[in-house]
Amino acid sequence: MAKVLLLNGSPRAKGCTAAALEEMIRVFREEGVETELVQIGSKPVRGCIACGGCGKLGRCVFDDLVNETAPKFEAADGLVIGSPVYYGSPNGSLLSFLDRLFYSTSFPKHMKVGAAVVSCRRGGNTASFDVLNKYFTISGMPVASSTYWNQVHGFSAEDVRKDLEGLQTMRNLARNMSFLIRAIAEAKEKYGLPRVERGSFTSFPDGK
Ligand SMILES: Cc1cc2nc3c(=O)[nH]c(=O)nc-3n(C[C@H](O)[C@H](O)[C@H](O)COP(=O)(O)O)c2cc1C
């Protein structure tokens with residue numbers, strides 16, 4: 001059974017982002033896709049300190065929700081990242097979480113399907129959406145899309161429930177994501193995963 005992991009970056013477990021993710025979860029159930037929702041919550045999440053310890057340990061040196069979530073991400077065929085907009089960006093604890101989750105894990109993320117979902121009251125949604133999508137596109141993860149950018153509007157979950165187009169966007173996104181996951185699984189069987197080259201690591205134009 002296909003599996004999707006959903007992350008809610010909001011400290012508000014029953015807020016706007018949760019309402020958007022719940023709408024997706026309903027569709028995933030209809031589509032026969034298993035889901036697991038991880039709340040980043042309101043506990044402190046520290047940022048990456050670039051110590052390189054994960055390269056030796058195979059996990060982050062800070063043993064918290066990041067390390068707990070890593071095996072769930074590894075087992076998932078798709079990842080949905082949901083975030084409220086804080087000053088035109090995804091919320092800070094989510095960004096700290098994602099930097100450490102993506103940097104400290106070496107399992108292949110290649111061809112896991114990604115989708116970002118943002119919730120704002122008024123603005124800053126598309127900038128936040130762009131930031132989240134970059135975690136996928138640097139990791140070989142195809143990005144699922146919908147009938148509009150994946151956003152809902154509101155200050156409370158009740159507001160989001162009135163955002164009919166936002167909810168429609170979430171439902172279409174979940175259907176498209178389910179389809180992509182199934183299509184990729186079939187293609188993997190038929191052709192195998194595309195080859196990945198990793199020999200070059202150039203920080204300077206002369207390659208040294
Ligand atoms: C610190 C902070 C900064 C915010 N900045 C923005 C913003 O830049 N633009 C906006 O439209 N809403 C902003 N908001 C409102 C939230 O993004 C919005 O209410 C969102 O839907 C809340 O989602 P949640 O209930 O899942 O946390 C901000 C809220 C907080 C707490």
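This is a predicted model: local features need pLDDT of at least 70, side-chain atom pairs count only at pLDDT 80 or more; totals for chains, interfaces and linings use all residues.

Residues are numbered from 1 along each chain as its sequence is written, and side-chain values use heavy atoms, with hydrogens and water left out.

Which residues come nearest to the ligand? Of the 17 around it, these are Ser10, Thr17, Val85, Ser119 and Arg122; "around" requires a heavy atom within 4 Å. The shell divides into seven nonpolar, seven polar (Gly among them) and three charged residues. Helix α1 (16-30) and strands β3 (78-86) and β5 (113-120) each supply at least two shell residues, and β3 gives the most, with three. Helices (H or I, at least four residues) and strands (E, at least two) are DSSP runs.

Turning to polar contacts, that is, N or O pairs within 3.5 Å: a polar side-chain atom of Arg12 lies 2.7 Å from a ligand oxygen. A backbone N or O atom of Val85 lies 2.6 Å from an oxygen of the ligand, and one of Gly123 lies 2.8 Å from a ligand nitrogen. Alone, the ligand exposes 650 Å², of which the protein buries 77% (Shrake-Rupley, 1.4 Å probe).

Finally, Ile184 belongs to helix α7 (residues 164-191). Is Ile184 buried or exposed? It counts as buried because its relative accessibility is 14%, where buried means under 20%. Its C-alpha atom is 7.2 Å from that of Met111, 73 residues apart along the chain.

Definitions and conventions
A polar contact is a pair of N or O atoms within 3.5 Å; within protein, one must be able to donate a hydrogen and the other to accept it, and residues adjacent in sequence count only if both atoms are side-chain atoms. Buried means under 20% relative accessible area, exposed over 50%, partly exposed in between (1.4 Å probe, protein chains only).
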